[in-house]
Amino acid sequence: MTASTTDEQLLDRAWWKESVIYQIYPRSFNDTDGDGVGDIPGIIEKLDYLDDLGVDIIWLNPVYESPNADNGYDIADYQSIMDEFGTIDDWEELLDGLHDRDIKLIMDLVVNHTSDEHEWFVDARDPDSDYHDYYIWKQGRTDVGGFTGHLGPEDEAPPNEWESFFGGPAWAYDEDVGKWYLHLFDEKQPDLNWENPDVRDEIFEMMEWWLEKGIDGFRMDVINLLSKPDSVTKHDPPRNDTEVWETFDGPRMQEFLDEMHDRVLADRDVFALGEMMGRMDMETAIDYVGRDGPLSTLFHFDHVLLDHGGEIWETNEWTLNDLRDSFNRWQYGLAEDGWNSIYLSNHDQPRLVSRFGNDDEYREASAKLLATLIFTLRGTPYIFQGAEIGMTNYPFDSLEEFRDVETINPVRNALESGEIEHFDDIKHGLRHNSRDNARTPMQWDDSENAGFTDGEPWIGVNPNHDEINVEAARADKDSIWHYYRDLMDLRKDSDVSDVLVYGDYEVLINDHEEVWSYVRTLGGERLLVTLNFAEFESHTWIPEYEVEFNPHEMEAELLVCNYGADERATDVDAAAFDLRPWEARIYRLR
Ligand code: NOJ
């Protein structure tokens, strides 16, 4: 890979490249009215907290009116706020409060599907209504093949064999219409028909409405699913020879996003982040997020699929090589054009320290190491609420403790069909994989419900909040929280900020089984990051660098170490050194 010059790299400066994003899952952040559900006034109460932490952008998960089949990702009205969360006035106050503190706000845009309670869908159930064609209606198959369910008329099977991402067929039969509608997610989340220009008009107008209110951009939910394959759009009943993953990056995807860009985003300096399902090739990614693409950056799933099996309760072993390879692909793939999003957790993923670190003996060290990784790869870093205090997975013990449709639906189906006999047989896997791990309430202090609510929390509070909580973390200057603060300063407000944001990434010793090391370079400025992903000491070295400099002749100034700046970290021989368990260091090479 060729190193570009400082000027080339800095040419594409953007505020959202230099920002740190903090994600708030409002249901679990802070409850002010005692109903056990977090709310917008609860976020307002914590504005100073966010400011103290030093974040630049808040990504707010959906707060729109919703029957909550999928916790707000099933929207019944795009332009009003869910009662449980507050009012539009609360939301305006939140936006002002953030902007007063120089923090930007991006909203979730969920336009692959609506709720079945959205008035468009209610009207769509009348085949003569203008709204009928807002959704995807198809005849069932009369050749039922091996299908044995009775979700529609006895002599019909769903239009094709696609499985919904939440388990079961991706089609639901509607008796009034006498046809099936497509729902790639839950039955209560019918997919919108983006082929219909009226749908696009409505969505673009709605986006304008929020932008006019002053928001700073959108996080776009499963955005590369909007364009459905020809097998569905051009046939009724659909051709039954396609897999559901053919909905990823469908034939008109680029066109739809270009249209969105040209009509809504182009003349504004806003941030557009697309969540992209599937394993994407770099050419497609660059079409989306390259200099000429419609979006600023994307979320891919490569690294978060490593430890998942086919079913929600199945797990896979991952190795450091797997993790590094998946990041390398994107670091190099978008090095010249495009921009990465660096995340290890969000509301759909288990807690990062339980997954990629060690949430037991080395919780502090490994949470700090993972933070170091997030802040030093090339791309915009994301913090999901609670990561800054090292929150862990929850010790789920029964199916009743789960709230998430993605966990509950497939487990119920499998228990009913006999595919699994007892919950206990899959408990371990669910504890590892379930999205509910991320959704347990934010741990503010050691009081009964961790300071989250005075009422009955909608989902269990992790019992470890007596130790792991914001109050304790802020009081301890060596805590994970303060480490995040330090990384924030280094990235945003130091003389190595530019190299941390814009510098080239180059991996060293790419096959080391425990240690991941890399150099970030911008002009003459170089940083070395070295991370030990192991519970034991690991030996490593800095190889003679192939291009312009020899690290052995350089001085390494320690900038950050999660064990503190002791002699082992400051006095290092680049040709051979050892890292302690889960040790992370950043050096400046001169
Ligand atoms: C991705 C969202 O992040 C997830 O929470 C949701 O269930 C699906 N999209 C469907 O909207």
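Strands pair, in these notes, if DSSP finds at least two bridges between them. Helices (H or I, at least four residues) and strands (E, at least two) are DSSP runs, numbered from the N terminus.

**Ground rules.** I'm working on a predicted model, where local features need pLDDT of at least 70, side-chain atom pairs count only at pLDDT 80 or more, and totals for chains, interfaces and linings use all residues. Residues are numbered from 1 along each chain as its sequence is written, and side-chain values use heavy atoms, with hydrogens and water left out.

**Three-stranded sheet.** I started with Tyr 173: its bridge partner in β8 is Trp 180. Four bridges join β7 to β8 (residues 179-182), and the two run antiparallel. I then looked up the whole sheet, which is open, with the order β6-β8-β7 and antiparallel pairing. β6 (137-138) and β7 (171-174) are the edge strands with a single partner strand each, so one side of each has no neighbour in the sheet.

**Domains.** I checked the assignment (bounds are automatic or from a database): domain 1 is 115-193, domain 2 is 198-339 and domain 3 is 501-589. The C-alpha centres of domain 1 and domain 3 are 55 Å apart.

**Five-stranded sheet.** Here the order is β14-β15-β16-β20-β18, again an open sheet with antiparallel pairing. β14 (504-508) and β18 (556-561) sit at the edges with a single partner strand each, so one side of each lacks a neighbour in the sheet. Neighbouring strands are turned by 25° against each other on average, direction ignored. I zoomed in on β16 (residues 525-532) and β20 (residues 584-589): six bridges join them, antiparallel. Leu 528 is opposite Tyr 587 in β20.

Axes are lines fitted to C-alpha atoms, for helices over the stretch in contact, with angles from 0 to 180 degrees between N-to-C directions. Contact means heavy atoms within 4.5 Å. I found α10 lying across β14 and β15 (515-522), at about 150° to β14. α17 (residues 480-492) lies across β18 and β20, at about 135° to β18.

**α9 against α10.** The axes of α9 (residues 282-289) and α10 (residues 320-333) come within 11 Å and cross at roughly 55°. The two helices are therefore oblique to each other (under 35 degrees is roughly parallel, over 145 roughly antiparallel, 65 to 115 roughly perpendicular, the rest oblique). I noted the residues making the contact: Met 282, Ala 285 and Ile 286 of α9, with Arg 329, Trp 330 and Gly 333 of α10.
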